[in-house]
Amino acid sequence: MAPQPFEKPIHVTKPFLPPIEEFVGGLEEIWDNHWLTNDGPILRRFERRLSNYFETENICLFNNGTLALQIGLQGMGISGEVITTPFTFVATTHALFWNKIRPVFVDIEPDYYTLDPDAVEAAITPWTTAILAVHVYGFPCRVDALADIARRQNLALIYDAAHAFGVNISGRPICHFGDLSMFSFHATKLFHSSEGGMLTFRDSGLKSTFDYLKNFGFKGEVEVVMPGTNAKMNEMQALMGILVLGHMKALIDRSRLIDSTYREWLKDVPGIKFPPPLSDSIYYNSAYQPVEIDAVEFGIGRDELYEALKEFNIFARRYFYPLLCDYSCYRSVEVRDPLKTARGVAQRILCLPTYPDLAITDVQRICETIAWIQKSCRDKVNIPEDKALHRHAQISSLIQ
Ligand code: T4K
């Protein structure tokens, strides 16, 4: 018998919200202060707490991660060509575009989907100024290999660490690798401030530049030293961030438990591949739950599973499909690397729901649903790939 659909939609994520009394208490402080944005007292407190958490003084807060990255590149004076990954959220490449930098897309590695250092090295030209790598899903890039290339080739090493809040390598927060890291505090992230972003950086001299750039370029009241923008975090965002930070250890523990439950309950389902266990030196945040679907072994392809899950009120997401270079706005960018791994992964990847509020019994139910779809569809649906829509109709009829 088919499993019952969930009564309410299960989305790929759902933001953690602190107890409402904590937020209301903070709002009272904001009401007393009559200070809503522009370097307010709560923002400063948030900055100090993050500084402590990340073990660095070199941080700067923003109203979102996209503008943080854009300003990071601008403040560091990056130009020309930057080698980057096509397997990420669009904002990574948009930040290059807004700085008039040409993205050079190269391939990723098969286990953790991060930039392949050999492909990076092969793509360097006299115009290359930086590497922009992504700790995608919070999986750390091969930081030593990339640092070695950056040092030898005199390139800046920049990380989009949007997904990597809380990740450590050999006990060091991940922001200590590379010249600059950007973290997103968007509502869909394990750590969030509803919207928000942060830069951490090696060169403390950059702090004032980033502060100018996020505040119209103002230095004091009557001097504007550079054409900045408005990318300031406000007090409500900072308040949410402080409160969520207080729960961070429990949030990561919970995500790790969800991850191990998925792995245990799906281990006997053919055609589902999890990223291999990480080395013991890495403390991982389990922020996302990516799996690869092998259409031959599973019986149906990733897209059909994605559609079939919707019938059960389960809304997984195909992060990150299509590859960035295949979006219409980047199709004109020349891509020399065949992107063999990235192309395959983009066709197979599916991010399953994971968020702290997701009950373990619901994770098990999602797994049972996937196992049921696999069993029911594998032998019964025998329609060629090019009739995918027809296949979907067949799958729907099996489920009903
Ligand atoms: N670099 C990387 C590698 C990134 O992944 C991102 C953002 C950035 C840079 C840029 O950082 P920010 O400027 O965003 O700080 C979402 C997020 O909007 C985006 O922040 C995130 N990456 C990306 C991976 O995912 P969508 O278009 O998938 O979001 P949406 O609205 O479809 O939300 C996904 C699901 O989350 C919904 O189905 C339901 C749930 N949800 C969402 C929101 C906003 C909730 O339950 N509550 C909510 O408030 O992009």
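A word on the model before we start. It is a predicted model, in which local features need pLDDT of at least 70 and side-chain atom pairs count only at pLDDT 80 or more, while totals for chains, interfaces and linings use all residues. Residues are numbered from 1 along each chain as its sequence is written, and side-chain values use heavy atoms, with hydrogens and water left out.

Let's begin with the ligand. Where does the ligand sit? You will find it in the largest pocket. By pocket I mean, on a 1 Å grid over the protein atoms alone, an open set of points with protein on both sides within 12 Å along at least five of seven lines. A molecule sits in one if more than half of its atoms lie within 2 Å of its grid points.

Around the ligand there are 25 residues, and the closest are Thr-66, Asp-160, His-163, Ser-184 and Tyr-319. The shell splits into nine nonpolar, twelve polar and four charged residues.

Thr-66 places a polar side-chain atom 2.5 Å from an oxygen atom of the ligand. For Ser-184 the corresponding distance to a ligand oxygen is 2.7 Å, and for His-186 it is 3.3 Å. The protein covers 74% of the 920 Å² of accessible area that the ligand has on its own, with areas from the Shrake-Rupley method and a 1.4 Å probe.

Which elements give two or more residues to the shell? They are α3, α4 (90-97) and β9 (180-184). Helices here are DSSP runs of H or I with at least four residues, strands are runs of E with at least two, and both are numbered from the N terminus.

That brings us to α3, residues 65-75. Why call this helix largely enclosed by the rest of the structure? Because nine of its eleven residues are buried, which means under 20% relative accessible area; exposed is over 50%, and partly exposed is in between (1.4 Å probe, protein chains only). Among the buried ones are Gly-65, Leu-67, Gln-70 and Gly-75. At the start of the helix, a side-chain oxygen of Asn-64 comes within 3.1 Å of the backbone nitrogen of Thr-66. After the helix comes Gly-77, with a positive phi near 70 degrees.

Over in α4, have a look at Ala-95. Its relative accessibility is 0%, so Ala-95 counts as buried.

Next, the loop between β16 (314-315) and α12 (340-348), where Phe-320 is placed. Tyr-319, one of the closest residues to the ligand, is joined to Phe-320 by a cis peptide bond with omega about 5 degrees. Pro-322 is in this loop as well, and a cis peptide bond joins Tyr-321 to Pro-322, with omega about -5 degrees.

On to backbone angles. His-34, which is not a glycine, has a positive phi of about 55 degrees, and Tyr-113, also not a glycine, has one of about 65 degrees. His-34 is in the loop between α1 (20-33) and α2 (41-54), and Tyr-113 in the loop between β4 (102-105) and α5 (117-122). Are they buried or exposed? His-34 counts as exposed at 71% relative accessibility, whereas Tyr-113 counts as buried at 1%.

Last stop, Asp-203, in the loop between β10 (197-201) and α7 (206-214). At 45% relative accessibility, Asp-203 is partly exposed. A polar atom of its side chain lies 2.8 Å from the backbone nitrogen of Gly-205.

Note on methods. Polar contact = N/O pair within 3.5 Å; in protein donor to acceptor, adjacent residues only side chain to side chain. Near = heavy atom within 4 Å. 1 Å grid on protein atoms, 1.4 Å probe; cavity = no way out; pocket = protein on both sides within 12 Å on 5 of 7 lines; lining within 4 Å. Nonpolar A, V, L, I, M, F, W, Y, C, P; charged D, E, K, R; others polar.
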